[in-house]
Amino acid sequence: KEAPAPLTSTMKRRFIMLASVGVALSMFSAPASNFQNEYLRETRGFSATRISLYSAIVNTPVGIGVAIAGPQADRRGRRLVGIIGIIGGIGFAVLRYGIGGPLMWIAGSLATVVGAATIPALGVYGPELFPTSRRGLANGLLTCVAVVGSVIGLVFVGQVTEKLGWSFGQAFAILAIVPLLAVFVVARYPETSQRELEELNPEDG
């Protein structure tokens, strides 16, 4: 059995970068998704039927964002498309939790479409930035780290809305600072579009 590739400083640096961004994005995306129904019911007075309708209309366009962002990430670069996805997705999501009426439906849909750009743009970095022998372990650890971020975000929003009396809009506006700061880390990602895996990971060569 072939031994795993030696753990290099490049692998460690790449893991830290991906882990920090994964935590930051999960801290926002998990509560933004999980508290949506509670927000619509308690703050906007939606019935169960209207909540289901809102979720269906707002979440369905995710495929549009992925379909548009995928080719653009290959053509213009994954970092650029990923950064646009983060900033746009987070911005519209915060707006969704801060306003009502038709604009809330529009903001929610735009948050889904623009935020979906991060899926093809950033989702490939985990498989691409590690050699074959280290890829499974690295991506497993990245998943675990992202779960930790989700828990932190869920606890934060739950605590400040229940114990401190913050509105959901205030909670997500503050929480958005974390993933927006992650943009600076994404800007330092190595550009992987139109590059071979062996070029990115010489260990596989």
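Reader: Which residues of helix α10 are buried?

Author: The model is predicted. Helix α10 covers residues 168-175. A residue is buried when its relative accessible area is under 20%. In α10 the buried residues are Phe168, Gly169, Ala171, Phe172 and Leu175.

Reader: What arc do they cover around the axis?

Author: The residues in question are Phe168, Gly169, Ala171, Phe172 and Leu175. They are on the same side of α10, because around the axis they cover an arc of only 165°.

Reader: Which helices do the buried residues of α10 pack against?

Author: Contact here means heavy atoms within 4.5 Å. By that criterion, the buried residues of α10 pack against α1, α2, α5, α9 and α11.

Reader: Is alanine 176 buried or exposed?

Author: Alanine 176 sits in the loop between α10 and α11. Its contacts beyond four places in sequence are Phe28, Ile90 and Val94. The cut-off for buried is under 20%. Alanine 176 has a relative accessible area of 5%, so it is buried.

Reader: What separates the C-alpha atoms of alanine 176 and phenylalanine 28?

Author: Phe28 is one of the residues that alanine 176 touches. Along the chain the two are 148 residues apart. Between their C-alpha atoms the separation is 6.5 Å.

Reader: And threonine 161: what is its C-alpha separation from arginine 13?

Author: Threonine 161 belongs to helix α9. It lies 148 residues from arginine 13 along the chain. Their C-alpha atoms are separated by 36 Å.

Reader: Is threonine 161 buried or exposed?

Author: Beyond four places in sequence, threonine 161 is in contact with Trp166, Ser167, Phe168 and Ala171. Of these, Phe168 and Ala171 are among the buried residues of α10. The relative accessibility of threonine 161 is 15%, so it counts as buried.

Reader: Which backbone oxygen lies 3.3 Å from a polar atom of the threonine 161 side chain?

Author: A polar contact requires N or O atoms within 3.5 Å. The side chain of threonine 161 has a polar atom 3.3 Å from a backbone oxygen. That oxygen belongs to glycine 158.

Reader: Now the largest pocket. Which helix gives the most to its lining?

Author: The pocket holds about 1000 Å³ of space. Its lining has 36 residues, with Leu25, Ser29, Gly115, Thr118 and Ile119 nearest the centre. Helices supplying at least two lining residues include α1, α5, α6 and α9. The most, 10 residues, comes from α1.

Reader: How many of the lining residues are charged?

Author: Nonpolar residues number 18 in the lining of the largest pocket. Another 17 are polar. The charged count is one.

Reader: Which residue makes a polar contact with the side chain of glutamate 191?

Author: Glutamate 191 is in the loop between α11 (177-186) and α12 (197-200). It touches Gly77, Arg78, Arg79, Tyr125 and Leu200, leaving out residues up to four places away. Its side chain makes a polar contact at 3.2 Å with the side chain of serine 193.

Reader: What is phi of glutamine 194 near?

Author: Glutamine 194 is also in the loop between α11 and α12. It is exposed, at 69% relative accessible area. Its phi is positive, in a residue other than glycine, and is near 60°.

Notes
Residues numbered from 1 in each chain as written. Predicted model: local features only at pLDDT ≥ 70, side-chain atom pairs only at ≥ 80, totals over all residues. Heavy atoms only, no water. Helix = DSSP H or I, 4+ residues; strand = E, 2+ residues; numbered from the N terminus. Polar contact = N/O pair within 3.5 Å; in protein donor to acceptor, adjacent residues only side chain to side chain. 1 Å grid on protein atoms, 1.4 Å probe; cavity = no way out; pocket = protein on both sides within 12 Å on 5 of 7 lines; lining within 4 Å. Points joined across faces, edges and corners; volume = space filled by probe spheres on them. Nonpolar A, V, L, I, M, F, W, Y, C, P; charged D, E, K, R; others polar. Buried < 20%, exposed > 50% of the residue type's maximum accessible area, 1.4 Å probe, protein only. Arc of directions from axis to C-beta.
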